[in-house]
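User: I've got a structure open and I'm new to this. Can you walk me through it?
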Amino acid sequence: MVERNKPLAVCFDFSGVIVDHRDKKFIPGVKDLIKNLHGGMRLLAVISKFPRTTVETELSGLKGCFKEVYHASKRSKLDCVREFAMVYGIKDLSRVAFVDDKPENLRAVAASPVFTIGFLGSGKYDTAAACKEIGIPYAANVGELSKLLGL
């Protein structure tokens, strides 16, 4: 049986999950969460529709925490998660967590074996309602997200 609370890898959306979509400032507590996941030997990636250079510049304070930054403008976030898992030798996609706030992204990824988590983040979307409809976990704050990720 797979321990859902101990994913081997975590893929984060950028805008709305790591940084507030309005001002691009870090969502309170997310930096520490990322550092704790990295320190716990989890493989981390960012999957964003923002250009890779923009994301890398914004995340420069977390240099070394992320193995990959994927630009998902011409492919799905699920394809990026699959590629990340393949590159790092994770055959069981249920051992990869995907964290996003946008309902359409959550629906697409939740249809796969990936451990999909909705996060309130900056609160742009009604993520809680979408998670309830889809039947996936929802985190209203960083503390709840931390627990879902096994910290």
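Analyst: Here is a walk through the cores, some helices and a few single residues. Keep in mind that this is a predicted model.

User: Let's start inside. Which residues touch the most other members of the largest nonpolar core?
Analyst: Phe12, Ile18, Ile34 and Phe66 do. That core has 28 residues.

User: What does Phe66 touch?
Analyst: Setting aside residues up to four places away in sequence, Phe66 touches Phe12, Ile18, Ile34, Leu44, Ala45, Val46 and Leu59.

User: What about a second core: how many residues does it hold?
Analyst: The second core is separate and has 18 residues. Among them are Ala9, Cys11, Phe84 and Val96.

User: Back to Phe12. Where is it, and is it buried or exposed?
Analyst: Phe12 is in strand E1. Its relative accessible area is 0%, so Phe12 is buried.

User: What's around it?
Analyst: Beyond its neighbours within four places in sequence, Phe12 is in contact with residues including Val17, Leu33, Leu37, Ile47 and Val99. Phe66 is on that list too.

User: New topic: helix H3. Which of its residues are buried?
Analyst: H3 runs over residues 77-87. Its buried residues are Lys77, Leu78, Cys80, Val81, Phe84 and Ala85. They cover an arc of only 160° around the axis, so they sit on the same side of H3.

User: What covers them?
Analyst: The cover includes E1, E2, E4, strand E3 (68-71) and helix H4. Just after H3 comes Gly89, with a positive phi of about 70°.

User: Now H5. Which residues are buried there?
Analyst: Thr127, Ala130 and Cys131 are the buried residues of H5, which spans 127-134. Seen down the axis, they fall within an arc of 100°, so they line one face of the helix.

User: What's on the face turned away from that buried side?
Analyst: The exposed residues Lys132 and Glu133 are there.

User: And what do the buried ones pack against?
Analyst: They pack against E4, H4 (103-110), E5 and strand E6 (138-139). Just after H5, Gly135 takes a positive phi of about 85°.

User: How do H4 and H5 sit together, in terms of angle and distance?
Analyst: Their angle is about 25°, and their axes are 10 Å apart. Angles under 35 degrees count as roughly parallel, so H4 is roughly parallel to H5. Their crossing is right-handed.

User: Which residues make that contact?
Analyst: From H4, the contact uses Pro103, Leu106, Arg107 and Ala110. From H5, it uses Thr127, Ala130, Cys131, Glu133 and Ile134.

User: Which residues other than glycine have a positive phi?
Analyst: Lys24 is one of them, with phi near 60°. Met41 is another, with phi near 65°.

User: Where are those two?
Analyst: Lys24 is in the loop between E1 and H1. Met41 is in the loop between H1 and E2.

User: Buried or exposed?
Analyst: Lys24 has 21% relative accessibility, so it counts as partly exposed. Met41 is exposed, at 69%.

User: What about Lys67? Where does it lie?
Analyst: Lys67 lies in the loop between helix H2 (52-58) and E3. It is partly exposed, with a relative accessible area of 47%. Apart from neighbours within four places in sequence, Lys67 is in contact with Leu43, Leu44, Phe84 and Tyr88.

User: How far is Lys67 from Cys131?
Analyst: Their C-alpha atoms are separated by 27 Å. Along the chain, they are 64 residues apart.

User: Last one: Ser146. Which helix is it in, and is it buried or exposed?
Analyst: Ser146 is in helix H6. It is buried, with a relative accessible area of 18%. Ser146 touches Leu33 and Leu151, not counting residues up to four places away in sequence.

Terms used
Residues are numbered from 1 along each chain as its sequence is written. This is a predicted model: local features need pLDDT of at least 70, side-chain atom pairs count only at pLDDT 80 or more; totals for chains, interfaces and linings use all residues. Side-chain values use heavy atoms; hydrogens and water are left out. A nonpolar core is a set of buried Ala, Val, Leu, Ile, Met, Phe, Trp, Tyr and Cys residues joined through side-chain atoms within 4.5 Å. Buried means under 20% relative accessible area, exposed over 50%, partly exposed in between (1.4 Å probe, protein chains only). Contact means heavy atoms within 4.5 Å. Helices (H or I, at least four residues) and strands (E, at least two) are DSSP runs, numbered from the N terminus. The arc is that of the directions from the helix axis to the C-beta atoms. Axes are lines fitted to C-alpha atoms, for helices over the stretch in contact, and angles run from 0 to 180 degrees between N-to-C directions. Angles under 35 degrees count as roughly parallel, over 145 as roughly antiparallel, 65 to 115 as roughly perpendicular and the rest as oblique. A crossing is left-handed if the near helix is turned anticlockwise from the far one by less than a right angle, and right-handed if clockwise.
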